[in-house]
Amino acid sequence: MGFLNVVEICVSSICLALGIAGLAFSKSSKAVGDDPKKAKKRKRLFTVLTLFGGWFLIGTLISVISNKKSGIEIEFSLLSERLNIFGFSLAETSVISICITAIVLVLSLVFRFFIFPKFTFDNPKGIQNLLEIAVESMDKFAKSNLMDYSGVLAPYMFTLGVFMIFSAASELFGLRAPTSDIVTTFAMGIITFALINFFGIKKKGIGGRIKGMASPTPLVFPMKILSDIAVPVSLACRLFGNMLGGMIVMDLLKSALGGYATGIPAVAGIYFNLFHPIIQAYIFIVLSMTFINEAIE
Amino acid sequence: MTITITVPANITDETYNEICEGFKKRYGNDITFLKETDEKIIGGFIAEANGIVYDTTIRSKLNMVKKVITE
Amino acid sequence: MNINLSETVVDLIINILNIVILFLIVKALVYKPVRKFLDDRRAKVNEETSKAQKILDQANEALKSKDTIIEESRKNAEIEAQKTFEEAKNNADFIIAEAKKNAKIIEEKSAEEIKSQKENMIHSSKNEIAELAVNIAEKILERETNEEDTKRIINEFFDEANI
């Protein structure tokens, strides 16, 4: 333990102690006589002092104990690591995806047989309210964009949303999110591509679909085919890039803080691991619906 | 035959005999006469012969008149 | 970075299957029940609304017919009142006629009674007078009758008897 570390420990301890004392004082009866604005300012000051002191102390202790070096050096691979399961070599993200499915299965079963029977017609509360809003808004959204096939596609979009949210949540546990793997996103893109063509053919017939591609002039036929293939690829790459970028930034942050990586990554994680994936999920779903809509028209 | 004759109290024998004679003329001579007096007879006589009563008194006439008037 | 294509393809297939299975699970266990529930509730609300609407319409109709009913009952009440009045009037007339008749009968009866009473009185007065007259005559005759009268009577009697 070097001299610097000792100094750090002392300083942080003093800050922490001062902060706690100040908070206790501001809450006691002596401070009541002052005017409210000043009291608030003082309280805020002491809260900040407490937090800072605490963080500093914990960080110092951890970095001393675990010898973690802070630096901006991270390792990542484009494809996720592979695990060996039952003699098969699977990507880590595939395993996590399967786990997500399993978890969702359990939750759905619980919902179906325990929570759903308790649904009431009047005054929905809590979970019932949340799910009602989710299902209803998805239905409305799908109807406005897809019109005819919203019956089948609304649940699919709902599923995509669930999957993306759960995979973002898995990032919080330190695992590599499935959506940050190009293979996973490409799988989602392929399914969407299949759906586009399937519904396009269903609505217009094969001849109609090809004719649609050939209008206004047959010259645009190859370009249309190219753009059609570009759709799933773009969807996949967009999602993959965004998720991977988020993951890299979080990793950078953690490694930069080294032993002091308490609290701050969590706050940043709220954006990168919750908000950002939700936006991306929304974009993915909206674009899928737009393309399918285009094929149906 | 017996005839009972009732006469007023103040009658004379002469008159009485006249009555008897009159009855004798009618019924014959074989008659026994009985004489009775009654003050209430005003005039005339009552004779009873063989169950037949001959009433010539004024009293009876007055009674008859009274009877007739008061009907 | 080394890319093992076969492994990647296997992963791809696994992921596709995974998403499809996930889709089926969510659709069957979560989405469908909630949707059905919402539809049921909407149907129930519609039913209640239409029921309420029906009741509202009924109420409106009842309100409309209320006036008609009030008018009708008023008319009926009038007719009934009229009828009752006439009945009462008839009864009154009848009673009055009866009373008049009875009064007349009583009047006649009393007149008769008075008449007969008068007659009785006259009759008895006559009788009294007659009796009085006869008594007076008797008294007078008692005084005035003499032998001569008796003799005359006797003679008249026998004269007649002998005819």
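Modeller: I will take the place where chains A and C meet. There, 27 residues of chain C are in contact with 37 residues of chain A (contact means that the C-beta atoms, placed from the backbone, lie within 7 Å). The side of chain C that touches chain A has 18 nonpolar, three polar and six charged residues (Ala, Val, Leu, Ile, Met, Phe, Trp, Tyr, Cys and Pro count as nonpolar, Asp, Glu, Lys and Arg as charged, and the others, Gly among them, as polar).

This is a predicted model, in which local features need pLDDT of at least 70 and side-chain atom pairs count only at pLDDT 80 or more, while totals for chains, interfaces and linings use all residues. Residues are numbered from 1 along each chain as its sequence is written, with chains lettered from A and ligands numbered from 1 in the order in which they are written.

Next comes the core. The largest nonpolar core has 49 residues, and M157(A), L160(A), F163(A), I292(A) and V26(C) touch the most other members. Such a core is a set of buried Ala, Val, Leu, Ile, Met, Phe, Trp, Tyr and Cys residues joined through C-beta atoms within 7 Å; buried means 20 or more other C-beta atoms within 10 Å of a residue's own, exposed 12 or fewer, and partly exposed in between. Two or more residues each come from α3 (92–115), α4 (126–146), α5 (150–172), α6 (182–214), α7 (221–257) and α8 (264–296) of chain A and from α1 (5–144) of chain C (helices are DSSP runs of H or I, at least four residues, numbered from the N terminus). The largest share, eleven residues, is given by α5(A). Leaving aside residues up to four places away in sequence, F163(A) touches I100(A), I19(C) and L22(C).

Buried in α4(A) are L131(A), V135(A), M138(A), D139(A), A142(A) and L146(A). Seen down the axis, these buried residues fall within an arc of 100°, so they line one face of α4(A) (the arc is that of the directions from the helix axis to the C-beta atoms). Their cover includes α5 and α8 of chain A together with α1 of chain C. On the face of α4(A) turned away from the buried side are the exposed residues G126(A), N129(A), L130(A), I133(A), S137(A), K140(A) and S144(A).

Notes. Contact = placed C-beta atoms within 7 Å.
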